[in-house]
Amino acid sequence: MVAFGSTQRKNVRILLVGDQGVGKTSLILSLVSEEFPEDVPPKAEEITIPANVTPEQVPTNIVDYSSTEQSDDILKEEIVKAHVICIVYAIDDEDSLERITTHWLPRIRGAVGEDQPQKPVVLVGNKVDLVDYSTINTVLGIMERFSEVESCVECSAKTLHNISEMFYYAQKAVLHPTSPLYIMEEQDLTPACKKSLVRIFKICDIDGDNLLNDYELNLFQRRCFNTPLQPQILDEVKAVIQKNIPEGIYNDSVTLKGFLFLHCLFIQRGRNETTWAVLRRFGYNEQLEMCKDYLRPSLKIPPGSSTELSHRGQQFLVALFERYDKDVDGALSPEEHRMIFSTCPSTPWSYSTDIRKSCPVNENGWVTLHGWLCRWTLMTLLDVTKTMEYLAYLGFNVHENDTQLAAIHVTRERRIDLAKRQSSRSVYICHAIGPKGSGKTGLCRGFLLDDMRSLIGKEFKTNVNYCVNTVQVYGQEKHLILRDIDVKHALDPLQPQEVNCDVACLVYDTSNPRSFEYIARIYIKYYAESKIPVMVVGTKADLDERRQDYLLQPAEFCQKYKLLPPHFFSLKANKKELYVKLATMAAFPRFQAAWILFYKHRHLRQFGLMSDDPTIWWKAGLGVAAATVLGFVVLRTIQGVSSSSHF
């Protein structure tokens, strides 16, 4: 398990300051030698305590300061370098106690600067063995006035009383600081701490009832502390909550108010480390921000590879959808969608426009489970870093997963797919390219609908460039992403990211005589020498076909450049075979030549397959592709026959 629950620091640097004669050096030497030194030098040398002998398992450097041997400039440098500062005063010397507020705290603040976070401070009262009273009440007043003061302790260098505790508190002030979590004057959690704990509560509320039951509390305990919560201890925790805040328990479960109170109690009792362990396990750093490594773990993607959701990633997203689908209608209403991302800084997409135009939705325009997975599939292919960030926000990491890498599958390189003549991927991207008014946007949007005829006559105003849905390719479900490439002028160059795809769909309007020239030029310039499969599609096939003002007619052009015959498409026909064709071409990128060979072979007449129906042609092509996968039997037979035939 990735140790986000542990401290991220590599070392702790403790600086001791205070008036001359308060016992700073004696405290250091007593800690190291475990006995009081008779001869005390003006200043102790810097001491490093190995990690294996410290409670937090972090190397610790202890630095002494002497006003007789060091200048004010050196003091300022040491304050800046230190992670925590111990201000030592003598309990039997009221002047040294008073100078904490009149001299030392202002001096530390001045050295750090107003625009920088203040250094945590521990107040250390030495020489407790010389008096029979305590200064704690006075020191607590100082803590309320100065937020940087984390804790206080009274000790004795002579009797070794509380010496180890003093340095432990100093370590703790660095590793588990109070100020980011708690406002001393208000006796309450900071807004940032509350916000973080609310997110953690929602993530741990598996059944979404706004309560943490015993099962959920035990999972929480295991995730944060790698140990089960004993029933007796659990009952005691509930009793404490119930006694102090009655609304903290409901139906024998912990409410959000009870959860927040519990952490407030931990901090008030000096157990900051408990709350910090929880926060760090859920990805927070010392500033209560999500750690970059937690949000974006390193992922290597070889050139030619792509990224998809793994089975574990899909399982998590399905469970998340079902948890927030409160009315169990198989779709997320706008409110349910908002709630599902309430643990995130924002939603990853616009629900009102993006979702409705890019993936399948129900009759209300609400995203279905199928559409939900499609939209995540789209984001994972285009921006896998963003997918990992949002999976972290949603709690994927704490559901028995180390990092979001378990939710991502990196496909093998495309060159390997080409060598094996078959793709192992399940997500493909198709670029629909054509002149303005050619119908490519309708072609893309029609992919999302059961009845494409509802798009007839509509004006597409929203600028959503991607549509994603699934198709069946040889009995296997594949995600196909259609990208609407918006090029306004034929002479406008395409960028490499607009050209590169798994299959290109070059779209022209059969009723416009000037439409085909555009895609013919696109093909010759960008795709004629590439290995990307290309499909030429004539839209508005329900209208009268016009002769194209180009050197070659579409069918002749396809024949010359060894492309499949043009596919004729119409929203009125309400047929989806085009999308299956495109997905199959993407899945079997090396078979286009075999299909053309099959189409052209004059011996096909004896099988009754010579027809002008593009569907019949397509089925013949699929037959060759399928046979090729199963041992190249048909293709070899065709090649054998073709050696003695003429075209």
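Predicted model: local features only at pLDDT ≥ 70, side-chain atom pairs only at ≥ 80, totals over all residues.
**Entry 1: aromatic pairs**

I began with the rings. I found 23 aromatic pairs in the structure. I picked out Phe341 and Trp372, whose ring centres lie 5.9 Å apart with 45° between the planes. I logged this pair as tilted.

Where do the two partners sit? Phe341 is in the loop between helix H13 (334-340) and helix H14 (351-358), while Trp372 belongs to helix H15 (residues 369-382). The pair therefore ties together parts that are 31 residues apart in sequence.

I then checked accessibility. Phe341 has 3% relative accessibility and counts as buried, because the cut-off is under 20%. Trp372 is at 0% and counts as buried.

Next I looked at Trp372 and Trp376. Their ring centres are 5.8 Å apart and the planes stand at 70°, so I noted the pair as edge-to-face. Both residues are in helix H15, four residues apart, which is about one helical turn. Trp376 is buried, with a relative accessible area of 0%.

Lys326 lies over the face of Tyr324, at 5.9 Å from the ring centre.

**Entry 2: the sheet with E15 to E20**

I traced the strand order as E16-E17-E15-E18-E19-E20. This is an open sheet of six strands with mixed pairing. Which strands stand at the edges? They are strand E16 (466-473) and strand E20 (567-568). Each has a single partner strand, so one side of each is left without a neighbour in the sheet.

I looked at one pairing in detail. Strand E18 (residues 503-509) and strand E19 (residues 534-539) run in the parallel sense over six bridges. Within this pairing, I noted Val534 in E19 as the bridge partner of Ala504.

Helix H20 (residues 516-527) packs on this sheet. I recorded contacts from H20 to strand E15 (427-433), E18 and E19. The direction of H20 makes about 155° with that of E18.

**Entry 3: the sheet with E1 to E6**

Here I read the order E2-E3-E1-E4-E5-E6, again for an open sheet of six strands with mixed pairing. The edge strands are strand E2 (47-49) and strand E6 (149-154), and each pairs on one side only. From one strand to the next, the twist averages 20°.

I checked strand E1 (residues 12-18) against strand E3 (residues 60-63). They pair in the parallel sense over four bridges. Val12 stands opposite Thr60 in E3.

Which helix packs on this sheet? I found helix H1 (residues 24-33) there. H1 touches E1, E2, E3, strand E4 (84-90) and strand E5 (121-126). The direction of H1 makes about 140° with that of E1.

**Entry 4: helix H9**

I ended on helix H9 (residues 256-268), which has 13 residues. From first C-alpha to last, H9 reaches 18 Å, close to the 18 Å expected at 1.5 Å a residue.

Is H9 enclosed or open? I counted 10 of the 13 residues as buried, so H9 is largely enclosed by the rest of the structure. The buried residues include Phe259, Phe261, His263, Cys264 and Phe266. Gly258, Leu260, Leu262, Leu265 and Ile267 are buried as well.

I also looked past the end of the helix. H9 is followed by Gly270, whose phi is positive, near 80°.

Key:
Residues numbered from 1 in each chain as written. Heavy atoms only, no water. Phe/Tyr/Trp six-rings, centres within 6.5 Å; stacked < 30°, edge-to-face > 60°. Helix = DSSP H or I, 4+ residues; strand = E, 2+ residues; numbered from the N terminus. Buried < 20%, exposed > 50% of the residue type's maximum accessible area, 1.4 Å probe, protein only. Lys NZ or Arg CZ within 6 Å of the ring centre and 35° of its normal. Pairing = 2+ DSSP bridges. Contact = heavy atoms within 4.5 Å. Axes fitted to C-alpha atoms, helices over the stretch in contact; angles between N-to-C directions. Expected span 1.5 Å × (residues − 1).
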